[in-house]
Structures are given as C-alpha cells and as structure tokens.
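Please consult the sequence and the three-dimensional structure shown below while reading this briefing. The points that follow are grouped by topic.

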Amino acid sequence: IGERAVRHVVHAAAVTAEPAREPRAVAAYLGDHLASVDACLRIAAEHAASATLISSAAVFAADPGGVLDEQAEPHGTGPYATAKRAAELAWMEMGRAGLDARVVRFGNLFGPDEVSSGTRPSLSLLGRYVHEATTRRRIEVLAPAAERDWTYLPDAARCVVTDLADGDAPRLRHAVAGGALRDEELARRTAGVLAPVRVEATSTPAPLPRTPLVTLHPKAMPDAVSALEAMDATIRALAAALSASSMGLTDS
C-alpha cells in the first residue's frame, strides 16, 4: 500500500472448495478466511476507507422454504457458510463502530469465462449444462422443479462499483437480477441456444436447493430481460470455448 491513499477496501477472496471433514483441515480453512477478514478491516480502519465484503447466498441453508431477502436470518452450516457468516458479523460490528462497512451477497453467477480450478472445482449448473450439451448433445436435469436465481457476473460487479460511489448505498445488499429459472427451464434454454440438444428430466426425486435469493434494493441491477440476453450470449461463449479446447486450439 505504501503512502498511497486508500479509499475503498473490497474483500472478495475465498476458497469455495470445502476442506476435509476433520478438525485440522477445517481449522486451517476457517483461519485463512478470518485472517484475510482481519487484514482488510484493519486496513480500512487505518485509512478511514470504506470496506465492502463480497459474501454469498451460502449463508442460507439449502432448503426450499422462506423468502431470502436482506431481512432473512442466515442459517447455513458448513465451513464455507460459517466463514462467510463470521465475516459478515465482523463487518456489521465494524459498521456499528463507525466504519463505512457494507456487505454484498452474490447468488448463482454466470459468465463467459467460467472454468473449474483448485479453489473452485465445480462448475455452475449452467456451466454443467453447456458442457453436457456440447459434448453429449444431451442435458440431464436432476431436479426439474428446482428454482434458482441467476445473475450475470459483470452485472454483479457493476453493482458493487456503483455502491462504492454511493454514500447512501444499503449496508446489506443482495446483488441479484430479477426473476428466477427452474432447472428444466435453464436446460431447455441452453438446449435452444445450442440446438439440436435433447433434454432429459430424471424421474428420481432430488433434494431441492435453497429458495432463490431476492433483493429489497433492485435499483442497481438490470432487469430480467437483459439478464436472459446475457445468459444466451454466455451459453454461446462457453460452448465455443469448450469446442475450441477439445480441438486443441486453446489450453485446457
């Protein structure tokens, strides 16, 4: 940082891959998360800067009940959910102490550059559908009735940037676009863009995910129509990248 003035501190670093279910691994995982929280808040306090935490819908449990707006009480469990909730509590405490502290929660994100990695090994459901459609010309829908929020990652990022410049931005915001899609609707949309692709809904009941994230502060987010247009463009981009990779034109 040196002598430069610091106006904003944004904590967006995370390891979403769950650690092994044994005490030392979980302790190390939580420790890494909380160490970065401590560092960010200390820097913000030292420079009288704003502090924004990028949090997650993972703070809510994976069940289909309730309305998950900013007034809903977090009740998620697991190392990632616990780390994010602990960070949120620290941010709120610093806000009560006078720091310009804000929390922005993301839900299901999609974008054209999605890849799996060591810290994020699983693709989003949209990424999996595109992979199946491109490689097998078939999409298997495990929970046709499941309903999920979907937000274009650049839109979510723009929401954060807009809030940084707005002194009256809410202290807690869900950065989600309007509307939600059932898993079968998402599969059929993907198949429509990449046709011909067959959609097969399984007859075996699967656990439903959490209720879609919604927001009481939609002003900073685009409408559902533009979000779906971005989704179609993302489907094409992911499919093109996957096809190029399989032909040896890009690094895997």
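**Overview**

Helix H4 (residues 153–164) comprises 12 residues and spans 17 Å from its first C-alpha to its last, close to the 16 Å expected at 1.5 Å a residue. The expected span of a helix is defined as 1.5 Å times one less than its number of residues. The model is predicted: local features require pLDDT of at least 70 and side-chain atom pairs count only at pLDDT 80 or more, whereas totals for chains, interfaces and linings use all residues. Residues are numbered from 1 along each chain as its sequence is written, and side-chain values use heavy atoms, with hydrogens and water left out. Helices (H or I, at least four residues) and strands (E, at least two) are DSSP runs, numbered from the N terminus.

- Within H4, the residues Asp155, Ala156, Cys159, Val160, Asp163 and Leu164 are buried; buried means under 20% relative accessible area, exposed means over 50%, and partly exposed lies in between (1.4 Å probe, protein chains only).
- An α-helix has 3.6 residues a turn, so residues three or four places apart point the same way.
- The elements that cover the buried residues of H4 include E1, E2, E3, E4, E7 and E8.

**The four-stranded sheet**

- An open sheet is formed by four strands in the order E1-E2-E3-E8, with parallel pairing; two strands pair if DSSP finds at least two bridges between them.
- Strand E1 (8–11) and strand E8 (172–174) are the edge strands, each pairing on one side only.
- On average, neighbouring strands of this sheet are turned by 20 degrees against each other, direction ignored; axes are lines fitted to C-alpha atoms, for helices over the stretch in contact, and angles run from 0 to 180 degrees between N-to-C directions.
- Four bridges join E1 and strand E2 (residues 50–56) in the parallel sense, and Ser50 in E2 is the bridge partner of His8.
- Val9 and His11 make up the covered face of E1, while His8 and Val10 make up the uncovered one.
- In a regular strand the side chains alternate between the two faces of the sheet.
- Helix H1 (residues 23–47) lies across E1 and E2 and runs at about 170 degrees to E1.
- Helix H2 (residues 79–96) lies across E1, E2 and strand E3 (101–106), at about 155 degrees to E2.

**Nonpolar cores**

- The largest nonpolar core has 22 residues, of which Leu126, Ile139, Trp150, Leu186 and Met231 touch the most other members; such a core is a set of buried Ala, Val, Leu, Ile, Met, Phe, Trp, Tyr and Cys residues joined through side-chain atoms within 4.5 Å.
- At least two residues of this core come from each of helix H3 (125–136), strand E5 (138–141), helix H5 (183–193) and helix H6 (224–246).
- Another core, of 15 residues, lies apart from it and has Val9, Cys40, Ala51 and Ala87 among its members.
- Neighbours within four places in sequence aside, Leu126 is in contact (heavy atoms within 4.5 Å) with Phe110, Trp150, Leu186, Thr190, Met231, Thr234 and Ile235.

- Thr234 lies in helix H6 and is buried, with a relative accessible area of 2%.
- Leaving aside neighbours within four places in sequence, Thr234 is in contact with Phe110, Gly111, Pro112, Leu126 and Tyr152.
- The structure holds one aromatic pair: Phe110 and Tyr152 are tilted, at 5.4 Å centre to centre and 35 degrees between the planes.
- Rings of Phe, Tyr and Trp (its six-membered ring) pair if their centres lie within 6.5 Å; planes under 30 degrees apart count as stacked, over 60 as edge-to-face and the rest as tilted.
- Phe110 lies in strand E4 (residues 109–110) and Tyr152 in strand E7 (residues 151–152), so the pair ties together parts that are 42 residues apart in sequence.
- Phe110 is buried, with a relative accessible area of 2%.

**Backbone features in loops**

- The peptide bond from Ala195 to Pro196 is cis, with omega near 0 degrees, and Pro196 is found in the loop between H5 and strand E10 (198–201).
- Ala48, in the loop between H1 and E2, has a positive phi near 50 degrees although it is a residue other than glycine; at 71% relative accessibility, Ala48 counts as exposed.
- Arg137, in the loop between H3 and E5, also is not a glycine and has a positive phi of about 55 degrees; Arg137 is partly exposed, with a relative accessible area of 34%.
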